[in-house]
Amino acid sequence: MTFKLRLASLFDDPNCLLSARNRYQFLVTLLVNIATFSHGLGVGWMSPVMRDLQTAKSPLDFAVLVHEISWIGSLVGIGSVMGNILAGTLQDRIGRKMVMFGIAIPYTYLYVGRLMAGMTGGACYVVLPTFISEIADTHVRGRLGSMILLSVNTGVLTGYIVSTSVSYFTAPPFIVALPICYFICNFLFPETPHHLIRKGELAAAEKSFRFYKNTKRGDSKAASEFEELKFALNKAQVQSDLSFNYRDFITKPALKAYASALALLICNQFSGSFCVTTYLSDIFAASHTTLDVGMCTIIIGVLQIVGNYVTTLLCDKYGRRILMLISTSGAAVCLATFGCFTYFAGSHDLSVVGWLPLVILSCYVFLCNIGMVGCLFVVLVELFPAKIRSAAVSTFVVILSSTVFLTLKIFPICMAVWGISVTMCCCSVITFSGFLYFSFFLEETRGKSLLES
């Protein structure tokens, strides 16, 4: 009886994701993140494969050179820009759900596969943060939003495991089943009430609102909440139609948001966070570690998930800013330490501490994922004033995808020309610069209403 009472009190807690109010929001978030899991699976699968393509173990019957590897790695960025633009252009015209159906595009091999993976991933990073933020209550929005990168990294870990366990030509046909499953799941839930209200479909919007809040038709409190949402959105739309012009993009809050968003994107990408995920096997191979590279890769994949899970637990409780500060400062120290280790390991026998690269990179990946990776899309959506949010977020996600292409293209070349030590130390300097900026200028966005200006 005591256990039942405790369980009942847990489900009555409004902060519990499985409470009556939140459970459908949580369930739908899990379903839509099948797409991000699939994207992560494609990224993780390619990391060990790209390493093998440069060795005698290559499954291909032709040589793959460094500049070709850089294209294989970076084409995901070009595809991501294409996906960003398409999703950003279409999500307000045809709805979040229709764009999300289009994400279910299967993956193929190498150049074409990386381009298509980038397109689906880029679309995910535009439409899913918007979709989740519109169905989620304010007090759980951070946790649900951070699940995007949690599912990506779960997919990355699965990809690492699959690539080391299943042959190169066997894995992709099975991976294609995931987008199909995702496509079917999209029929199980409605469009967001925000989008339906903006389109004037009020009956469908009210039904959608009741679904995501898990309330019945006669619930007066839910009816009042829906009327408040409708009034606020209609008021915002009228104001937008009357006064939306270029001046809205050059207000003080908007300019401050641009600066913080740009710092966030630069720090996120030029810290090497996504490059490490993509070229992890190559990095371990160059690190003078004495441990098995495949095992190290899988351990890092686990730490990515742990870091993102910690984000889901802490971002709504302690806020986004403190996690960003811990993440950037800690990651900068780890990168500098890794650079110093690989520098001295090149001229001294450090095999007695050959496990150290794994420890350093494990700490680095964990710290990256509790803040500047795990909170990226949550903070990006919350930074901007309501009137320009849609346009600004779409623009900055395109910029993010462009920097993904740039960093993935130059990272293997930097490793080949400068060496791993200099490359990692440069990433450390950029990450620490991000820490300094966030210390002085980043505002806390926890609890901020998406209708605030």
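Start by selecting Lys230, which is buried because its relative accessibility is 18%; buried means under 20% relative accessible area, exposed over 50%, and partly exposed in between (1.4 Å probe, protein chains only). The model is predicted, with local features needing pLDDT of at least 70 and side-chain atom pairs counting only at pLDDT 80 or more, while totals for chains, interfaces and linings use all residues. Residues are numbered from 1 along each chain as its sequence is written, and side-chain values use heavy atoms, with hydrogens and water left out.

**Stop 1**

Helices (H or I, at least four residues) and strands (E, at least two) are DSSP runs, numbered from the N terminus. Glu227 is partly exposed, at a relative accessible area of 42%.

**Stop 2: a network**

Arg21 is partly exposed, with a relative accessible area of 25%, whereas Asp137 is buried at 8%.

**Stop 3: helices H5 and H6**

Select Arg96 and Glu134, a salt bridge with its closest N and O atoms 2.7 Å apart. Arg96 is in helix H5 (residues 96-102) and Glu134 in helix H6, so the pair ties together parts that are 38 residues apart in sequence. Arg96 is buried, at 3% relative accessibility, and Glu134 is buried too, with a relative accessible area of 8%. By the salt-bridge rule, the count comes to 11.

**Stop 4**

Move to Thr289, in the loop between helix H15 (280-285) and helix H16 (293-318). Thr289 is buried, with a relative accessible area of 16%. Its side chain reaches the backbone oxygen of Gly354 at 2.8 Å, and a polar atom of that side chain lies 3.2 Å from the backbone nitrogen of Leu291. Not counting residues up to four places away in sequence, Thr289 touches Phe284, Gly354 and Pro357; contact means heavy atoms within 4.5 Å.

Ser351 and Thr289 are 62 residues apart in sequence and 7.3 Å apart in space, C-alpha to C-alpha. Ser351 is partly exposed, its relative accessible area being 42%.

**Stop 4: a nonpolar patch**

Finish with Leu86, Leu90, Ile94 and Met98, a nonpolar patch on the surface with about 350 Å² of accessible area together. Patches are made of residues with over 30% relative accessible area and no salt bridge: like charges are joined within 9 Å, nonpolar side chains (Val, Leu, Ile, Met, Phe, Trp, Tyr) within 5 Å. Accessible areas come from the Shrake-Rupley method with a 1.4 Å probe; for residues, only the protein chains shown count as cover. Helix H4 (residues 66-94) gives the largest share of the patch, 3 residues. Leu90 is in helix H4 and counts as partly exposed at 33% relative accessibility.

Definitions and conventions: A salt bridge is a side-chain nitrogen of Lys or Arg within 4 Å of a carboxyl oxygen of Asp or Glu. A polar contact is a pair of N or O atoms within 3.5 Å; within protein, one must be able to donate a hydrogen and the other to accept it, and residues adjacent in sequence count only if both atoms are side-chain atoms.
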